[in-house]
Amino acid sequence: MRLLAKDMFYFGYDNYMKYAFPEDELNPIDCQGRGPDVLNPSNININDVLGNYSLTLIDTLDTLLILGNVSEFHKAVKLVIDTVSFDKDSTVQVFEANIRILGSLISAHILLTDQHQPFGDVSLEDYDNELLHMAHDLAVRLLPAFENTDTGIPYPRVNLMKGVPPDSINETCTAGAGSLLVEFGILSRLIGDSTFEWVARRAVRALWSLRSNETGLLGNVVNIQTGQWVSKQSGLGAGMDSFYEYLLKSYILFGEKEDYRMFSAAYESIQIHLRRGREACNEGEGDPPLYVNVNMFSGQIMNTWIDSLQAFFPGLQVLSGDVENAICLHAFYYAIWKRFGALPERYNWQLQTPDVLFYPLRPELVESTYLLYQATKNPFYLHVGMDILQSLEKNTKVKCGYATLHHVVDKSKEDRMESFFLSETCKYLYLLFDEDNPLHDSESRHIFTTEGHVVPIQPRFREHTWSHLQSCDGPCDEPPHHHPANTSNQCERIPEERRFGLPLKSVYMRQIDHMVGLS
């Protein structure tokens, strides 16, 4: 299975390099490259993701290293440095550029330069922090999204050359605005400039302040100027998923108690208002537990579907220590996979039939399977991974790669292979079967970003101080080294225990290490 997973990755990667590079994606049926849809700027399904910056190559950098291919990793890094520029007239989604491009550049830079990395000395001769400089350049180009917003919640899209488009909407989803803190925070701490963490953390706090007083839940879509909820649906899938994920992962990385307090409160509200079914996961009468979509204010069910992105949640439950509930929810999604050989984008749990029928090779179920295996070592999850891998081989493999399923029942296909298939789906499948991977060494402490990029858990990411983030009674000054166009007159009151400048106690750090020591 490990060899099959490796072959799956290389069949997609090699064909991308042969037929598509330097374009963003591979069309695996026609064996051609795909870039932004310049003839139809409103085609956000394509243009939110593809920025004319060799997306698939960048997104897969650390996967090459996880597969043990140091020479190809070095070759890919050099290609990125020599050929990729962000000075492009491309309008992209801030969230997608952050998790797919910025996160990968940061991860690859750390893997290249950190002597404590599990892959050993993979340093590249004459490497001069170019990937970090590129990450910084991209992040600066994303900063205009945080300008001219009354709430501090960013615009959803920016043009990499011109800033926020003049016709930009004032609405964004909770996950899109609230899932920037991991990448922006690491970048700030690597370069010693608080700007990026500051704007990302301000957005998270702004969203958190808008939660319901009655339920503690957040909505799905918010107006960034008024703070009014445009969509009051609260769930665990599209539009909200990684917001919860990054509350916990930010705490694990940076040690900020504020992040864990938010995560704990959010998780409690989820259990109270979203969870349906019997109280105990594996015993008792009634239906198995399920997390539904509800009205954020009343807690009443709004519809009877769940989406495939929600399959990430068992993995997050594992990370938080709630393994029993993770096992139960994972089993629900695996049952759907067994039925169709894929996960439909939306599934109606009342009618027990798909509502939206396509499957774009998403990694969430594989990710949760991998994390549950790491936590339990139950060989059942190896069988789940084998089933998923064989389904992908049977149902999605085409001439030059793996194709999106247009219809999970009749298995018709669309000519698209999204970058996350190589950066996440193949990566988690390989790691599931690679017991001896260096990431599984008992001394290794790491997390995966929401795009599957490896980030080490190290004291240096918990020790940076930002002296400007202090309690204040009047208008707060801009943070030092702040992008000049990004201003705020909102005073952020930061309790004493949350100031960045306070040192972390060693016992506190050991508690964090214990909590995340899955391997």
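I counted two strands as paired if DSSP finds at least two bridges between them. Helices (H or I, at least four residues) and strands (E, at least two) are DSSP runs, numbered from the N terminus.

A note on the source: this is a predicted model, where local features need pLDDT of at least 70, side-chain atom pairs count only at pLDDT 80 or more, and totals for chains, interfaces and linings use all residues. Residues are numbered from 1 along each chain as its sequence is written, and side-chain values use heavy atoms, with hydrogens and water left out.

Back to the hairpin. Which residue of β14 does Tyr347 stand opposite? I found Pro354 there. Four residues lie between the two strands, and in this hairpin Gln352 takes a positive phi near 55°.

Next I looked up positive phi values elsewhere. Asn52, not a glycine, has phi near 65°; I located Asn52 in the loop between α2 (44–47) and α3 (55–59). Is Asn52 buried, partly exposed or exposed? Asn52 is partly exposed, at a relative accessible area of 38%. My cut-offs here: buried is under 20% relative accessible area, exposed is over 50%, and partly exposed is in between (1.4 Å probe, protein chains only).

Lys377, also not a glycine, shows a positive phi of about 55°. I placed Lys377 in the loop between α15 (364–376) and α16 (380–396), and its relative accessible area of 40% makes Lys377 partly exposed.

Last entry: I checked a cis peptide bond, which joins Phe21 and Pro22 with omega about 10°. Pro22 sits in the loop between α1 (2–20) and β1 (25–27).
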